[in-house]
Amino acid sequence: MSIVPVTGVTVAPKTSSVAMGATRNLVATVAPTNATNKSVTWATSDPLIATVSASGVVTPVAAGTCTITVTTVDGSFTDVCNLPVTA
């Protein structure tokens, strides 16, 4: 079996807001669809504004704006979602 390398990743939605007390699910789409390793990691630019789980669920902590970044394990491709948190 040959290894199919990752060529990119996109996050949806690209821009979204979330209100305090709610959560937002972000979805990472790894390209190509037949990539061997579709694993990704998630990170937040400011954990005091919002946290993000390993599955892309964003939980607001305080009002403000942060950037959520998804990174592929294979190739370290990234994409971001700009995320305002509203009170």
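Visitor: Which residues is D79 in contact with, leaving aside its neighbours within four places in sequence?
Guide: V9, T10, V11, K14, I68, T69 and V70. Contact means heavy atoms within 4.5 Å. This is a predicted model, where local features need pLDDT of at least 70, side-chain atom pairs count only at pLDDT 80 or more, and totals for chains, interfaces and linings use all residues. Residues are numbered from 1 along each chain as its sequence is written, and side-chain values use heavy atoms, with hydrogens and water left out.

Visitor: Is D79 buried or exposed?
Guide: D79 counts as buried, at 13% relative accessibility. Buried is under 20% relative accessible area, exposed over 50%, partly exposed in between (1.4 Å probe, protein chains only).

Visitor: What lies 2.9 Å from a polar atom of its side chain?
Guide: The backbone nitrogen of V11.

Visitor: And which strand is D79 in?
Guide: Strand β9, residues 78-86. Strands are DSSP runs (E, at least two residues), numbered from the N terminus.

Visitor: What sheet does β9 belong to?
Guide: An open sheet of four strands, in the order β2-β9-β8-β5, with mixed pairing. β2 (18-19) and β5 (40-44) each have a single partner strand, so one side of each lacks a neighbour in the sheet. Strands pair if DSSP finds at least two bridges between them.

Visitor: How many bridges for β2 and β9?
Guide: Two, in the parallel sense. A19 stands opposite T86 in β9.

Visitor: Switching topic. What is the order in the three-strand sheet?
Guide: β3-β7-β6, open and antiparallel. β6 and β7 (residues 57-60) pair over three bridges. T51 stands opposite T59 in β7.

Terms used: A polar contact is a pair of N or O atoms within 3.5 Å; within protein, one must be able to donate a hydrogen and the other to accept it, and residues adjacent in sequence count only if both atoms are side-chain atoms.
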